[in-house]
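Dear colleague,

Please find the structure below, handed over for your own work. A written account of the findings comes after it.

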Amino acid sequence: MKKLVVSLCIPFFAYTASNIAYSHAKSAQPQENAFPAVIPVHLESVPKSGFHLEAMKYGLPSYQNLTFYETFISSANYERRVPNWVLQCLHKEDLEGEEASNRKHSQFTDKALTVPPIFRASNDAYFGSGYSRGHMVPAGDTSKKSQSAMNETFILNSNIIPQHHHNNSHFWYRLETYVHHTLVKGGNYKSVRVVSGPCFLPIVEQPLEYDSANAEKKAKRYVKYQVLGEAGVAVPSHIFKVILIEPFDNNNDTSQSENLLSNESESEGGQKSNQLVPVSDKSLIPSYQKPNQKFLLSAFLIPNDFIPANKELKDFEVPLSFLEKHTGLIFFPFLNRDSHTKSICESTSCEMMSEEGLERWNYARRINWANSVHEVDAVLLEIKSKGRTLDERTLNAYNKKKEELSKGQ
């Protein structure tokens, strides 16, 4: 247990020390050269809850410009105006219960209070750019928490990157749904930690006069990216998502976690398989396959571009070392990854919903977003025209929206 406490304290003390050093350096500057932005001291700039300590248990990817929100931790990249990474720690109970928030009441904002004003992204930068404002922590993951928790997912510097429109609404959304419904709601384990963020991979450019005999010598590698608006919001070439699945301990205690942190041997023992289906329409969301007691850990690197419908999640799995090399981040440094982890796609099917499944899944979402009976009827007519029937999820959304609209009349 002492080792666990020490592991939790290391990142906090490292972060605090870096802030103190920065404060001393800043105060020592002559007034005329002082930093122009005043960085306010907020509770959000340090861990403030048990959730934060649990999320940090296996270490943070880095300790630069941290902000601790209600449901996630974020590291801001001041130069690129996007997060370096965003960390979630999800449990099944986090996604159950009554709705506590509504996306309609959330707005994208540049008010990242722990980010100096001159480094903040802006909504204007995105308008007309051809890129959407892509969430790293999905707003839907906070719907059972509070309206303030959902609002925090709309803070530009902390949780938003420029994302290809089709990618955002199709492949990336299918990946988010896989995590939310198949892994967290449909799985049977202790927690799921998810780290998401942008990646800027180098591109290889050949000289104008191509010489095949010396191609490797003359080719040059560059990291190039578009920036949006006067704010200069960087457009990443790729987007990553690293997923760590923590199983329940055999004896329902902390022994396995302590062993993992101290690199000691892992206890053996089986646990009965338990497959759970998160929604009534089993054809939409693949059921979760119960793994053995090893942690499951995988890194996925998705091009920030159009992704064909026939692509599968496992097509984008990369070695964690490759992602670390190109991001400068170290994922879950307190976890003995070599002996205590196994690839998610080796242990489960890594199956996301299909594009057709996504279209059917979106019927309920479109009904939820509808502001009039006419908009609801348009969705129903589309379902009927394609010869489909209402699944339970869509029917529930329809009945709820019908009652809501009738009260508003």
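Predicted model: local features only at pLDDT ≥ 70, side-chain atom pairs only at ≥ 80, totals over all residues.

Residues are numbered from 1 along each chain as its sequence is written, and side-chain values use heavy atoms, with hydrogens and water left out.

Overall make-up

The protein contains 15 helices and 14 strands; helices (H or I, at least four residues) and strands (E, at least two) are DSSP runs, numbered from the N terminus. Of its 409 residues, 48% count as buried. Here buried means under 20% relative accessible area, exposed means over 50%, and partly exposed lies in between, with a 1.4 Å probe and protein chains only. Among contacts (heavy atoms within 4.5 Å) between residues at least 6 apart in sequence, 75% join residues at least 24 apart.

The packing of α7 and α13

Helix α7 (residues 171–185) packs with helix α13 (residues 355–369) at an angle of about 75°, and their axes are 11 Å apart. Axes are lines fitted to C-alpha atoms, for helices over the stretch in contact, and angles run from 0 to 180 degrees between N-to-C directions. The angle makes α7 roughly perpendicular to α13; angles of 65 to 115 degrees count as roughly perpendicular, those under 35 as roughly parallel, those over 145 as roughly antiparallel and the rest as oblique.

On the α7 side the contact is formed by Tyr173, Arg174, Thr177 and His181, which meet Glu355, Leu358, Trp361, Asn362 and Arg365 in α13. These residues divide into three nonpolar, three polar and three charged. In this scheme Ala, Val, Leu, Ile, Met, Phe, Trp, Tyr, Cys and Pro count as nonpolar, Asp, Glu, Lys and Arg as charged, and the others, Gly among them, as polar.

Glutamate 355, in helix α13, counts as partly exposed at 22% relative accessibility. Not counting residues up to four places away in sequence, glutamate 355 touches His170, Arg174 and Ala309. Between glutamate 355 and histidine 170 there are 7.5 Å in space, C-alpha to C-alpha, although the two are 185 residues apart in sequence.

The buried face of α10

In helix α10 (residues 320–327), the residues Leu320, Leu323 and Glu324 are buried. Viewed down the axis of α10, its buried residues fall within an arc of 100°, so they line one face of the helix; the arc is that of the directions from the helix axis to the C-beta atoms. These buried residues pack against β6 (191–199), β11 (238–246), β12 (295–303), β13 (317–318) and α11 (337–340). Glycine 328 follows α10 and has a positive phi, near 75°.

Salt bridges

How many salt bridges does a search of the whole structure find? The search finds 16, a salt bridge being a side-chain nitrogen of Lys or Arg within 4 Å of a carboxyl oxygen of Asp or Glu.

One of them joins the side chains of arginine 193 and glutamate 246 (2.9 Å, N to O). This pair links distant parts of the chain, with arginine 193 in strand β6 and glutamate 246 in strand β11, 53 residues apart. Both arginine 193 and glutamate 246 are buried.

Another joins glutamate 382 and arginine 366 (2.8 Å, N to O). Glutamate 382 lies in helix α14 (residues 373–385) and arginine 366 in helix α13, 16 residues apart. Glutamate 382 is partly exposed at 22% relative accessibility, and arginine 366 is partly exposed at 31%.

A further salt bridge, between glutamate 404 and lysine 401, spans 3.1 Å, N to O. Glutamate 404 and lysine 401 are three residues apart in helix α15 (residues 392–408), and are therefore separated by about one helical turn. Glutamate 404 is partly exposed, with a relative accessible area of 43%, whereas lysine 401 is buried, at 2%. Elsewhere, salt bridges that share partners join Glu356, Glu359, Arg366, Glu382, Lys386 and Arg388 into one network.

Asparagine 65 has a positive phi, near 50°, and lies in the loop between α2 (50–55) and β1 (66–68). Arginine 81 also has a positive phi, near 65°, and is found in the loop between β2 (73–77) and β3 (82–90). Asparagine 65 is partly exposed, with a relative accessible area of 22%, whereas arginine 81 is buried, with 16%.

Yours sincerely
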